[in-house]
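Please look through the sequence and the structure below, and then follow how two of its elements pack together.

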Amino acid sequence: MSFMKGDLLTKTRRLVKGLAKAEPLWLKAMEQAPPATFPRAEGKIKPISLPEDVYIRKFYKKHPDSKYQDPIKISGFDPPAARIFGLRVLDLKEQGVSEEEAIAVADMEYMAEEKQRKAAYRRLKQIAKLQGKKPPPNPYPEAIKEIEAEQKKYIRDRFHNPEILEIVKKMKEENAARMQDQTRGFGGW
(Lines give C-alpha, C1' and ligand atoms only; values in the text may rest on other atoms or scores of the structure.)
Protein backbone atom coordinates (compact mmCIF):
# COMPACT_ATOMS: atom_id res chain seq x y z
CA MET A 1 0.00 0.00 0.00
CA SER A 2 2.96 2.32 0.32
CA PHE A 3 3.14 2.94 -3.42
CA MET A 4 -0.36 4.48 -3.50
CA LYS A 5 -0.96 8.13 -2.71
CA GLY A 6 -3.37 9.24 -0.04
CA ASP A 7 -4.23 8.44 3.53
CA LEU A 8 -5.42 5.14 4.99
CA LEU A 9 -9.05 5.82 4.12
CA THR A 10 -8.31 6.63 0.46
CA LYS A 11 -6.01 3.65 0.03
CA THR A 12 -8.52 1.25 1.57
CA ARG A 13 -11.35 2.59 -0.62
CA ARG A 14 -9.23 1.97 -3.75
CA LEU A 15 -8.35 -1.56 -2.68
CA VAL A 16 -11.98 -2.39 -1.92
CA LYS A 17 -13.19 -0.80 -5.18
CA GLY A 18 -10.60 -2.78 -7.16
CA LEU A 19 -11.68 -5.99 -5.36
CA ALA A 20 -8.15 -6.47 -4.06
CA LYS A 21 -9.40 -6.48 -0.48
CA ALA A 22 -12.63 -7.33 1.31
CA GLU A 23 -14.42 -4.33 2.80
CA PRO A 24 -13.28 -3.93 6.43
CA LEU A 25 -15.87 -3.38 9.13
CA TRP A 26 -14.48 0.00 10.12
CA LEU A 27 -14.60 1.53 6.62
CA LYS A 28 -18.22 2.83 6.80
CA ALA A 29 -17.68 4.37 10.23
CA MET A 30 -14.47 5.99 9.08
CA GLU A 31 -16.17 7.38 5.96
CA GLN A 32 -18.88 8.98 8.11
CA ALA A 33 -16.36 10.51 10.53
CA PRO A 34 -13.02 10.78 8.69
CA PRO A 35 -9.87 11.55 10.67
CA ALA A 36 -8.63 15.12 10.82
CA THR A 37 -6.19 16.15 8.15
CA PHE A 38 -3.38 18.46 9.11
CA PRO A 39 -2.02 21.08 6.75
CA ARG A 40 1.39 20.36 5.32
CA ALA A 41 4.17 22.87 5.07
CA GLU A 42 4.74 24.22 1.60
CA GLY A 43 8.35 23.86 0.52
CA LYS A 44 11.17 23.96 3.00
CA ILE A 45 10.48 24.51 6.68
CA LYS A 46 12.19 27.63 7.95
CA PRO A 47 14.50 27.08 10.93
CA ILE A 48 13.51 28.83 14.13
CA SER A 49 16.13 31.33 15.18
CA LEU A 50 16.20 33.61 18.19
CA PRO A 51 18.02 36.93 18.42
CA GLU A 52 20.59 35.54 20.88
CA ASP A 53 21.53 32.55 18.67
CA VAL A 54 24.33 34.53 16.99
CA TYR A 55 25.96 35.18 20.37
CA ILE A 56 25.42 31.60 21.51
CA ARG A 57 27.43 30.39 18.48
CA LYS A 58 30.18 32.88 19.33
CA PHE A 59 30.13 31.64 22.94
CA TYR A 60 30.56 28.02 21.87
CA LYS A 61 33.41 28.98 19.51
CA LYS A 62 35.19 30.67 22.39
CA HIS A 63 34.29 28.03 25.02
CA PRO A 64 33.88 24.68 23.17
CA ASP A 65 34.18 22.68 26.41
CA SER A 66 31.04 24.36 27.69
CA LYS A 67 28.95 22.13 25.42
CA TYR A 68 29.88 19.20 27.62
CA GLN A 69 30.15 20.98 30.97
CA ASP A 70 26.87 22.88 30.77
CA PRO A 71 24.36 20.49 29.24
CA ILE A 72 20.90 21.60 28.22
CA LYS A 73 18.51 20.00 30.66
CA ILE A 74 15.12 19.71 29.06
CA SER A 75 13.28 19.37 32.37
CA GLY A 76 15.37 22.02 34.14
CA PHE A 77 14.34 25.61 34.72
CA ASP A 78 17.82 27.13 34.57
CA PRO A 79 18.93 28.08 31.06
CA PRO A 80 22.37 26.90 29.92
CA ALA A 81 25.35 29.22 30.27
CA ALA A 82 25.44 29.93 26.53
CA ARG A 83 21.85 31.20 26.52
CA ILE A 84 22.53 33.39 29.57
CA PHE A 85 25.59 34.75 27.75
CA GLY A 86 23.54 35.55 24.63
CA LEU A 87 20.76 37.20 26.60
CA ARG A 88 23.28 39.25 28.59
CA VAL A 89 24.91 40.51 25.37
CA LEU A 90 21.49 41.53 24.00
CA ASP A 91 20.65 43.26 27.29
CA LEU A 92 23.91 45.22 27.24
CA LYS A 93 23.37 46.19 23.59
CA GLU A 94 19.91 47.53 24.47
CA GLN A 95 21.58 49.73 27.09
CA GLY A 96 23.75 51.29 24.39
CA VAL A 97 27.00 49.32 24.77
CA SER A 98 28.80 48.33 21.57
CA GLU A 99 28.68 44.67 20.50
CA GLU A 100 32.39 43.97 21.15
CA GLU A 101 32.23 45.50 24.62
CA ALA A 102 29.00 43.66 25.41
CA ILE A 103 30.58 40.33 24.41
CA ALA A 104 33.67 41.11 26.49
CA VAL A 105 31.59 42.03 29.57
CA ALA A 106 29.36 38.94 29.25
CA ASP A 107 32.45 36.77 28.84
CA MET A 108 34.08 38.27 31.93
CA GLU A 109 30.87 37.62 33.91
CA TYR A 110 30.81 34.00 32.71
CA MET A 111 34.45 33.45 33.65
CA ALA A 112 33.90 35.06 37.10
CA GLU A 113 30.90 32.79 37.69
CA GLU A 114 32.92 29.71 36.71
CA LYS A 115 35.70 30.74 39.11
CA GLN A 116 33.17 31.22 41.91
CA ARG A 117 31.66 27.77 41.30
CA LYS A 118 35.06 26.10 41.35
CA ALA A 119 36.15 28.05 44.45
CA ALA A 120 32.92 27.10 46.26
CA TYR A 121 33.47 23.41 45.56
CA ARG A 122 37.12 23.68 46.57
CA ARG A 123 36.01 25.25 49.86
CA LEU A 124 33.45 22.46 50.40
CA LYS A 125 36.20 19.87 49.96
CA GLN A 126 38.46 21.73 52.42
CA ILE A 127 35.72 21.85 55.05
CA ALA A 128 35.03 18.14 54.61
CA LYS A 129 38.73 17.38 54.92
CA LEU A 130 39.01 19.44 58.12
CA GLN A 131 36.02 17.61 59.58
CA GLY A 132 37.50 14.26 58.56
CA LYS A 133 34.58 13.43 56.29
CA LYS A 134 34.39 12.21 52.72
CA PRO A 135 34.25 15.14 50.27
CA PRO A 136 30.73 15.83 48.94
CA PRO A 137 29.90 15.19 45.30
CA ASN A 138 30.44 18.12 42.98
CA PRO A 139 27.24 20.21 42.92
CA TYR A 140 28.21 21.36 39.40
CA PRO A 141 29.28 18.13 37.69
CA GLU A 142 30.17 17.91 34.05
CA ALA A 143 27.56 16.34 31.79
CA ILE A 144 29.77 13.37 30.95
CA LYS A 145 30.35 12.60 34.63
CA GLU A 146 26.61 12.80 35.32
CA ILE A 147 25.93 10.27 32.58
CA GLU A 148 28.72 8.00 33.83
CA ALA A 149 27.28 8.14 37.36
CA GLU A 150 23.86 7.11 36.05
CA GLN A 151 25.32 4.24 34.02
CA LYS A 152 27.69 2.99 36.71
CA LYS A 153 24.95 0.83 38.25
CA TYR A 154 24.27 -0.94 34.95
CA ILE A 155 27.95 -1.47 34.23
CA ARG A 156 28.51 -3.03 37.65
CA ASP A 157 25.37 -5.09 37.18
CA ARG A 158 26.72 -6.48 33.92
CA PHE A 159 29.65 -8.17 35.68
CA HIS A 160 28.02 -9.28 38.94
CA ASN A 161 24.36 -10.09 38.22
CA PRO A 162 23.96 -13.91 38.17
CA GLU A 163 21.15 -13.77 35.58
CA ILE A 164 23.29 -11.81 33.15
CA LEU A 165 26.29 -14.09 33.81
CA GLU A 166 24.08 -17.10 33.00
CA ILE A 167 23.00 -15.51 29.70
CA VAL A 168 26.64 -14.79 28.80
CA LYS A 169 27.57 -18.39 29.62
CA LYS A 170 24.80 -19.72 27.33
CA MET A 171 25.88 -17.38 24.52
CA LYS A 172 29.49 -18.60 24.82
CA GLU A 173 28.33 -22.22 24.66
CA GLU A 174 26.22 -21.49 21.56
CA ASN A 175 29.15 -19.75 19.86
CA ALA A 176 31.46 -22.66 20.69
CA ALA A 177 28.92 -25.14 19.28
CA ARG A 178 28.52 -23.04 16.12
CA MET A 179 32.29 -22.89 15.64
CA GLN A 180 32.55 -26.69 16.00
CA ASP A 181 29.80 -27.14 13.41
CA GLN A 182 31.61 -24.83 11.00
CA THR A 183 34.94 -26.69 11.42
CA ARG A 184 33.18 -30.04 10.83
CA GLY A 185 31.67 -28.66 7.62
CA PHE A 186 35.12 -27.74 6.28
CA GLY A 187 36.70 -31.05 7.28
CA GLY A 188 34.07 -33.15 5.46
CA TRP A 189 35.57 -32.81 1.96
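At what angle do helix 3 and helix 5 pack, and how far apart are their axes? This is a predicted model, in which local features need pLDDT of at least 70 and side-chain atom pairs count only at pLDDT 80 or more, while totals for chains, interfaces and linings use all residues. Residues are numbered from 1 along each chain as its sequence is written, and side-chain values use heavy atoms, with hydrogens and water left out.

The angle between helix 3 and helix 5 is about 125°, and their axes lie 8 Å apart, the axes being lines fitted to C-alpha atoms over the stretch in contact, with angles from 0 to 180 degrees between N-to-C directions. Helix 3 is therefore oblique to helix 5, since angles under 35 degrees count as roughly parallel, over 145 as roughly antiparallel, 65 to 115 as roughly perpendicular and the rest as oblique.

On the helix 3 side, Asp53, Tyr55, Ile56, Phe59 and Tyr60 meet residues of helix 5 that include Ala82, Arg83, Phe85 and Val89, where contact means heavy atoms within 4.5 Å. Aspartate 53 touches Ile48 and Arg83, not counting residues up to four places away in sequence, and is buried at a relative accessible area of 16% (buried means under 20%, exposed over 50%, partly exposed in between, with a 1.4 Å probe and protein chains only).

With the same exclusion of residues up to four places away in sequence, phenylalanine 59 touches Ser66, Ala81, Ala82, Phe85 and Tyr110.

How values were computed. Helices (H or I, at least four residues) and strands (E, at least two) are DSSP runs, numbered from the N terminus.
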